[in-house]
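Hello,

Here is the structure I promised to pass on to you. Have a look at it first, and then read on for what turned up in it.

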Amino acid sequence: MTNLIELEDVTIGYENKGMLGPLNLAIEKGQFWGVLGPNGSGKSTLLKTVLGLLPAVSGSVKTSDSIVFGYVPQSEKFDPIFPVSVREIVSMGRYVRVRAGKNLSASDMEHITGSLEKTGTLHLKDRTFRSLSGGEKQRALLARAISGEPDVLVLDEPTASIDIKGEAQIMELVGNIRSDDGLTVLMVSHFLNTVTRYADRIILIDKDTGYFKAGGKPEVLTDHNLSTFFGLGAGSGII
Amino acid sequence: MGILSEFISSYFLWRDPMIVGAVSGAVCGFLGVYVVLRRIIFVSAALTQISSFGVALSFYLEGLGMGVLSSFIHPFILSTVLTSLAAVFFAMKRDFSRISQEGVIGFGFLIASGAVIILGDRITKGAHDIANILFGNAVVVDPGDVYIIPAVALAALVIHIVFYKDFVFVSFDEQTARLFKYPVRTLNTVILITIAVVVAVATRALGALPVFSFLALPPLTSLFLTERLKLVFAISVIIGALSATLGYFFSFVLSIPTGASMAVCASVFFVLGLLWREVKVRT
């Protein structure tokens, strides 16, 4: 198997102030990793470090130069003052393959339309992003992420603002896209059920206690960890 | 003779200032969309004041008899340089010893405003000139402005058309733009520098008040009127140009200060846009 992303003795944090480390992690092609932890545990900091948006305080994050990330941020992060349409926002995902100063080609537009179709958002293309429901926003952001033909799909709390039905639809869509396109997935969530149902590898993180564990579900989600981090008793049947 | 026919027959008086005002209103309306969408209206207020400071400083230095340096202390050059430097500073720095960027911009606005008034007190030409800079009185404009302002506006628009996709991208989602290795800092700086240069030339010709109002009110109005981003830009350009043109017309026929008249016209469009939006939401 090929490692797409490797963290070697990485300490994560802000402004050269270490928050948690040293961390070691190898993400192989095709794996589905779920990142779990309490609120404020350092999940998003880890994600930003992996994406290269935040420099590691120490250690090294190794990714292939040609690796393309498809990023699904939390929909609340977008300022609703912007009257951007779904097509415009999905087009932005394609910009990973279009340099600054260049315009989208006909081929790019085909990929954008294909992403809209694949996520069932083609009928929403002329709606403004801010007018969509939580589930529709997540599907549009998923379309944006895959329009750049990524190697790794990175999702930051993709089901945080949607109901259970919408959550199931989004996660089913992520699963289908992953299997169709052979994507590697890295998903941050504080919903234990969602992560354990869909991910095949788990990262459990808590900066307050200095805890970091990455591996298979039985290895990470031990009775002790379920009790410590999620208040679940032994035999909760979560896995 | 009716007011309108009197106005038309005096076209040789208002042609140049009307051109300068309309072009300034249009280009400020365009650039102001970024100002409003990026929630940096205070930046435009600070830039207009810093531009005013540049013009006032130029008058002051001229009064000191620095004839040898006259080409460097020309109001256009000094104002453009100072405003552009401020724009670069605002674009480059994000935090200042735990003081928010907004706080630093406020500091820039206040110190520039204070300095303009102090310089105005020292300028031999008198406070009247400073009042014109601050509040605008484009009854007549420098003949060169008829060429300089459209040229600067055209250059700014070309840059914004070429990099439209990139400017919207970094304004809407800077984080993903950085993930995609876009030159985010450069793009942000270019946006602010184009605003700064336009502000500098327009403030010298029209005054700080109308320029600030053109940067803020037409974009806000157009956001009431449409849900399409490209239309927001187009409508804002039209409202900016109309505010300047009508403002000048009312100033001419009612003998009221030009800059204030332009700002009030932009405000009237804003109120009409707000009412239209309220009616649309309720029906």
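In chain B, 75% of the contacts between residues at least 6 apart in sequence join residues at least 24 apart. Please keep in mind that this is a predicted model.

One residue of chain B to look up is B:I123. You will find B:I123 in the loop between α5 (101-122) and α6 (127-135) of chain B. Is B:I123 buried or exposed? B:I123 counts as buried because its relative accessibility is 7%, and the cut-off for buried is under 20%. B:I123 and B:L64 are 59 residues apart in sequence, while their C-alpha atoms are 9.1 Å apart in space.

Now to the nonpolar cores. The largest one has 133 residues, and the members that touch the most others in it are A:L46 and A:L153. Two domains of chain A, domain 1 (1-67 + 152-239) and domain 2 (80-150), each supply at least three residues to this core. Apart from this core there is another, made of ten residues, including B:V55, B:A56, B:L61 and B:L78. As background, nonpolar side chains tend to be buried together in soluble globular proteins.

Which residues does A:L153 touch, leaving out those up to four places away in sequence? They are A:G70, A:V72, A:L142, A:A145, A:I146, A:V174, A:L183, A:T184, A:V185 and A:L186.

Chain A also has strands. Three of them form an open sheet in the order β2-β1-β4, with antiparallel pairing. At the edges are β2 (17-28) and β4 (58-63) of chain A, each of which pairs on one side only. From one strand to the next, the twist averages 20°. Strand β1 (residues 3-14) of chain A pairs with β2(A) in the antiparallel sense over eight bridges, and A:E6 stands opposite A:A26 in β2(A). Helix α1 (residues 43-51) of chain A lies across β1, β2 and β4 of that chain, running at about 125° to β1(A).

Further along chain A there is a hairpin. β8(A) and β9(A) form this hairpin, with four residues between them. Strand β8 (residues 201-206) runs antiparallel to strand β9 (residues 211-216) in chain A, and six bridges join the two. A:D206 stands opposite A:Y211 in β9(A). In the turn, A:G210 has a positive phi of about 70°.

Last, a residue with contacts in both chains. A:T128 lies in the loop between α3 (106-118) and α4 (134-146) of chain A. Where its neighbours within four places in sequence are left aside, A:T128 is in contact with A:P83, A:V84 and A:S85, and also with B:E227 and B:R228. A:T128 counts as buried because its relative accessibility is 4%.

Happy browsing, and do write back with any questions.

Best wishes

Terms used: Residues are numbered from 1 along each chain as its sequence is written. Chains are lettered from A and ligands numbered from 1 in the order in which they are written. This is a predicted model: local features need pLDDT of at least 70, side-chain atom pairs count only at pLDDT 80 or more; totals for chains, interfaces and linings use all residues. Side-chain values use heavy atoms; hydrogens and water are left out. A nonpolar core is a set of buried Ala, Val, Leu, Ile, Met, Phe, Trp, Tyr and Cys residues joined through side-chain atoms within 4.5 Å. Buried means under 20% relative accessible area, exposed over 50%, partly exposed in between (1.4 Å probe, protein chains only). Domain bounds come from an automatic or database domain assignment. Contact means heavy atoms within 4.5 Å. Two strands pair if DSSP finds at least two bridges between them. Axes are lines fitted to C-alpha atoms, for helices over the stretch in contact, and angles run from 0 to 180 degrees between N-to-C directions.
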